[in-house]
Amino acid sequence: MEVKKATSIRSMEYEDFKNNDYLEDMVRRLNMDGAGIVLGTVDELINWGRSNSLWSLTFGTSCCAIEFMALGAARYDMARFGFEVTRNSPRQADMIMVLGTITHKMAPVLKRLYDQMAEPKYVVAVGGCTISGGPFIKSYHVVNGINKIIPVDVYIPGCPPRPEAFFYGMMQLQRKIKVERFLGEVNRKEKEE
């Protein structure tokens, strides 16, 4: 008599489920050729993890930063999207979220923080002041867009933007990360040169 080995799923006991026939049938069909199956690429797996655990370095200087604080409260709960962790050190952050007016005096500090972040790193520009200078656009002391200092990946417009706009912008960054090539892209470029 042949003894069937039960399919093992980590952290789930086989006996806890009453009907395991569909699982065994699915495993049998997947393993018909005698080979294991990977349902995706390593790039997709890594990028899924990276996009759903974004740690931000918040560089908040004015009212956009106060609006950003509302995202952490129970009403909006940014934890469900995986970017609730904010860091005060650029060495621990995946992205820098610039919120508010950036003056020429602050610009070198922002550039230094960006340079201290590990690759891959991303920049999110939040609010009219950050994106274009806002109401201070013709002022002598305000930078008219942080894209003149550091490269920006996602723009979130508004004065200040609503929490929904923050979520939309962050989801756009997640989409951008999910389609990146994480493994091998740099190595291929180096070989071509």
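A salt bridge is a side-chain nitrogen of Lys or Arg within 4 Å of a carboxyl oxygen of Asp or Glu. With that in mind, let's start the tour. This is a predicted model, in which local features need pLDDT of at least 70 and side-chain atom pairs count only at pLDDT 80 or more, while totals for chains, interfaces and linings use all residues. Residues are numbered from 1 along each chain as its sequence is written, and side-chain values use heavy atoms, leaving out hydrogens and water.

**The whole protein.** Colour the protein by secondary structure, and you can look for seven helices and five strands. Helices (H or I, at least four residues) and strands (E, at least two) are DSSP runs, numbered from the N terminus.

**First stop: helix α4.** Select residues 107–116, which make up helix α4. Which residue forms a salt bridge with D115? The partner is K111, and the closest N and O atoms are 3.2 Å apart.

**Second stop: E119 and K121.** Select this pair to find another salt bridge, with closest N and O atoms 3.9 Å apart. Is K121 buried or exposed? K121 counts as buried at 12% relative accessibility, whereas E119 is exposed at 62%.

**Last stop: E164 and R162.** These residues form a salt bridge too, at 3.3 Å between the closest N and O atoms. E164 is partly exposed at 40%, and so is R162, at 49%.

Conventions: Buried means under 20% relative accessible area, exposed over 50%, partly exposed in between (1.4 Å probe, protein chains only).
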